[in-house]
Amino acid sequence: MVRRGTARRWWARLRTIGTDDRGMTTAEYAVGTLAACALAAVLYKVVTSGPVQALLRSVIERAINVQF
């Protein structure tokens, strides 16, 4: 005859098979890091383009030349 505690432990172990998520956080961080790097690359390309540089330069020059 199987003791009650042994049957409970066996059933609890059986229910947890396939529910191990230890690697999920690493994968999520990898995807998040990749997305952040892609966004940074796009923003870098936009900011270093000619028209945007000219716009930023004019905004900065106007801010510097403000009369008080």
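**Exercise 1.** Which residues make the nonpolar surface patch of about 540 Å²?

Solution. This is a predicted model, in which local features need pLDDT of at least 70, side-chain atom pairs count only at pLDDT 80 or more, and totals for chains, interfaces and linings use all residues. Residues are numbered from 1 along each chain as its sequence is written, and side-chain values use heavy atoms, with hydrogens and water left out.

Step 1. Patch members need over 30% relative accessible area and no salt bridge (a Lys or Arg side-chain nitrogen within 4 Å of an Asp or Glu carboxyl oxygen). Nonpolar side chains (Val, Leu, Ile, Met, Phe, Trp, Tyr) are joined within 5 Å, like charges within 9 Å.

Step 2. The patch consists of Val 42, Val 46, Val 47, Leu 56, Ile 60 and Ile 64. Two or more of these residues come from each of α2 (24–47) and α3 (50–64).

**Exercise 2.** Classify Ile 64 as buried or exposed.

Solution. Buried means under 20% relative accessible area, exposed over 50%, partly exposed in between (1.4 Å probe, protein chains only). Ile 64, in helix α3, has 64% relative accessibility and therefore counts as exposed. Across the chain of 68 residues, buried residues make up 0%.

**Exercise 3.** State where confidence is lowest and highest.

Solution. pLDDT is the predictor's confidence in each residue, from 0 to 100. The chain mean is 84. Helix α1 (residues 4–15) is lowest, with a mean of 77, and α3 highest, at 93.

Key:
Accessible areas come from the Shrake-Rupley method with a 1.4 Å probe; for residues, only the protein chains shown count as cover. Helices (H or I, at least four residues) and strands (E, at least two) are DSSP runs, numbered from the N terminus.
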